Amino acid sequence: MAAAAPQVLALALAVAAALAALASPAAALNTDGLALLALKFAVSDDPGGALATWRDADADPCGWAGVTCAGGGGRVAGVELANASLAGYLPSELSLLSELQELSLPYNRLSGQIPVAIAALQKLTTLDLAHNQLYGPVPTGIGRLVSLARLDLSSNQLNGTLPPAIAGLPRLSGVLNLSYNHFTGGIPPEYGGIPVAVSLDLRGNDLAGEIPQVGSLVNQGPTAFDGNPRLCGFPLKVECAGGVSDEPRIPQGNAGMSDPGAAAEVGRRPQQKRRSSSPAVPILAVIVVVAVVAGVVLQWQCRRRCAAAAGDEEKESAKDKYGGGGGAVTLAGSEDRRSGGGGEEGEVFVAVDDGFGMELEELLRASAYVVGKSRGGIVYRVVPGRGPAVAVRRLSEPDDGDSDGGGGWRRRRAFEAEAAAIGRARHPNVARLRAYYYAPDEKLLIYDYLPNGSLHSALHGGPTASPTPLPWSVRLSIVQGAARGLAYLHECSPRRYVHGCIKSTKILLDEELHAHVSGFGLARLVAGAHKAAGAGSSKKLGSAACALRGGAVSYVAPELRAPGGAPAAAATQKGDVFAFGVVLLEAVTGREPAEGEGGMDLEAWVRRAFKEERPLSEVVDPTLLGEVHAKKQVLAVFHVALGCTEPDPEMRPRMRAVAESLDRIG
């Protein structure tokens, strides 16, 4: 096929020369104009007159409708004719537009095959031919468009197998949309090499087989694969023939791309046993089943009215227990959207502030990508059709085995009360809960998506990490912000909140590398669900939703550890202070919390190094040694960290004092 390209180009040049010779007025038109005239001649119907300004008497096409030029010389850089109802085909002469960067012809009636010669457009960054009537296979030459960042061929009649070469496009960074065509066969494993940031959409085809559990395919949400009845495997929750393991391991590097509440641990989530009345269905797609008939909705509303009086007393009790005086379900100005189908357990979608404008249906239709996973649940990056991306944490379910209708009511009220308490936490350095959703078999927390990953990723590497190490000034700003956020959580309520799972993966970074403490309230939320389900006491809040495995147990304060090192006692504010001290040591040394020498935790190793009066160069992150001006600041942070990690909890400062001490540095 590669050998055919020069022949096609030669033919195109011949056609262009013939066009130039047809009439003397056209002789003035440059080559790019002639190539576009070939497109005009290939259009058999232009009901809106979109091409009326395309005249052969012009010197160049830069003034034509839908055409943009770059620089001088009349070279075409973009052709954009969306929703013009053009009928016809794509001529090979388009390959003569050697400076073309954008070819956008969606929502027309173009038919025929995509010309093979399109592979000659080496500067093309956007190719959008969606919503046409194109058929045949995708030319493999598209995989040689080295500048292509966005490819949308959705809603056509393309067929054949998915070209593996497309997955190797070196600059693909925006959209790869091949949905709603007639592609068959399996998903090539090469598609696992597509960057996680790319919005991959393979819906509505006839793809078959198991979704390869490699690379970024592990991070795709189920919406990327919907509408392919013969596909199976994670994340579709459809078992392949012979059985498929519960959920695959996410590559270790993806743990850094954590969203609010995303865990550092990666690995298999224990299989969740569901009640027999609750089928296992994909993330978010489960909500679709609540679109029940109007009669059921009316019946549910009737039940709700009848139960209102009986529930008032219990609701007030929930306020006293969870709310610190605030509402148990919604806050002032929040929008409460409910739909039927849940009986006494019900269903509720609540936006906790007016600034959150995404509707539930919009959330359901959006593409979702796995960015973090732990025993407590899965975190998705959800990309709506409009507006910014959000992070959605899907909580894992306790196996309650409860068949008592009153138990469902208690579970819902406990969840709403705790979610409302989380929503009341408003601080620039605390990841903000924007909305939450409750259904008997689906619990979602929706946050702003923070694109720069976590402090852990920035320090130790990860898909969102910068190729250059964090300079000292940025590290200091991050830990100062995180300290202020954690101090706010400790002081903002009479309940004296405890985070219970502080570690570097819980400190998320926004576009400007400002710190946001995430995961607040998850321990109480999960423990509360277990308690409401009769799963036992919720005293061990720190270990309920914070699975500290491996080196992460180094964040656990000595008084909270069991003999094996894992959390054994209820989380405390002093335990939060200890964990934050370990985070400070990470920021200064650049080491993981379990990377002390001689098998020691980082905290013990640093403490020994100071006792032995080792040179600072042996302890501090080597990438910071060149910043001589920061030596005093580095030593000051070391001393704050050692104070936070005192073995005796009574010797540790409160977080407010820690934040004030850090703010005085620099």
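This is a predicted model: local features need pLDDT of at least 70, side-chain atom pairs count only at pLDDT 80 or more; totals for chains, interfaces and linings use all residues.

Q: Which residues touch the most other members of the largest nonpolar core?
A: The largest one here has 76 residues, and Leu 445, Phe 580 and Leu 662 touch the most other members. Helix α10, residues 573-589, gives the most to this core, with 10 residues. Apart from it lies another core, of 60 residues, including Ala 50, Leu 151, Leu 178 and Ile 211.

Q: Now a helix. Which residues of α11 are buried?
A: Buried means under 20% relative accessible area. In α11, residues 602-611, Leu 602, Glu 603, Trp 605, Val 606 and Ala 609 are buried. Look down the axis of α11: the buried residues fall within an arc of 165°, so they line one face of the helix.

Q: What do those buried residues of α11 pack against?
A: They pack against α10 and α12, the latter being residues 631-644. And have a look at what follows α11: Glu 613 has a positive phi, near 55°.

Q: Let's do sheets. In what order do the strands of the 7-strand sheet come?
A: In general, strands of a sheet pair through backbone hydrogen bonds, either parallel or antiparallel. This open sheet runs β2-β3-β5-β7-β9-β11-β13, and the pairing is mixed. At its edges are β2 (67-69) and β13 (199-201), each of which pairs on one side only. Ignoring direction, neighbouring strands of this sheet are turned by 10° against each other on average.

Q: Do β11 and β13 pair in the parallel or the antiparallel sense?
A: Strand β11, residues 175-177, pairs with β13 in the parallel sense, over 3 bridges. To see it on screen, find Leu 176, which stands opposite Leu 200 in β13.

Q: What is the order of the strands in the sheet of 8?
A: That open sheet has the order β1-β4-β6-β8-β10-β12-β14-β15, again with mixed pairing. β1 (43-45) and β15 stand at the edges with a single partner strand each, so one side of each has no neighbour in the sheet. From one strand to the next, the twist averages 25°.

Q: How many bridges join β12 to β14?
A: There are 2 bridges between β12 (residues 182-185) and β14 (residues 206-210), and these strands run parallel. Thr 184 stands opposite Asp 206 in β14. β14 also pairs in the parallel sense with β15 (residues 230-232), over 3 bridges, and there Glu 210 stands opposite Cys 232. Elsewhere in this sheet, β6 (residues 109-112) and β8 (residues 133-136) run parallel and are joined by 2 bridges, with Ser 111 having Gln 133 in β8 as its bridge partner.

Q: Which helix lies across β1 and β4?
A: That's α2, residues 31-42, which runs at about 35° to β1.

Q: How many aromatic pairs does a search of the whole structure find?
A: A pair of aromatic rings is described by the distance of the centres and the angle of the planes. The search finds 6 pairs. One of them joins Phe 349 and Tyr 437 and is tilted, at 6.5 Å centre to centre and 50° between the planes. Phe 349 lies in β17 (residues 348-351) and Tyr 437 in β21 (residues 433-439), so the pair ties together parts that are 88 residues apart in sequence.

Q: Is Phe 349 buried or exposed?
A: Phe 349 counts as buried, at 1% relative accessibility. Tyr 437 is buried as well, with a relative accessible area of 0%. There is also an aromatic cluster, formed by Phe 415, Tyr 436 and Tyr 438.

Q: Last one: where is Arg 654 found?
A: Look in the loop between α12 and α13 (655-663). Arg 654 counts as partly exposed, at 42% relative accessibility. Leaving out residues up to four places away in sequence, Arg 654 touches Glu 491, Arg 496 and Lys 574. Arg 654 and Gln 573 are 81 residues apart in sequence, and their C-alpha atoms are 8.0 Å apart in space.

Notes: Residues are numbered from 1 along each chain as its sequence is written. Side-chain values use heavy atoms; hydrogens and water are left out. A nonpolar core is a set of buried Ala, Val, Leu, Ile, Met, Phe, Trp, Tyr and Cys residues joined through side-chain atoms within 4.5 Å. Buried means under 20% relative accessible area, exposed over 50%, partly exposed in between (1.4 Å probe, protein chains only). Helices (H or I, at least four residues) and strands (E, at least two) are DSSP runs, numbered from the N terminus. The arc is that of the directions from the helix axis to the C-beta atoms. Contact means heavy atoms within 4.5 Å. Two strands pair if DSSP finds at least two bridges between them. Axes are lines fitted to C-alpha atoms, for helices over the stretch in contact, and angles run from 0 to 180 degrees between N-to-C directions. Rings of Phe, Tyr and Trp (its six-membered ring) pair if their centres lie within 6.5 Å; planes under 30 degrees apart count as stacked, over 60 as edge-to-face and the rest as tilted.
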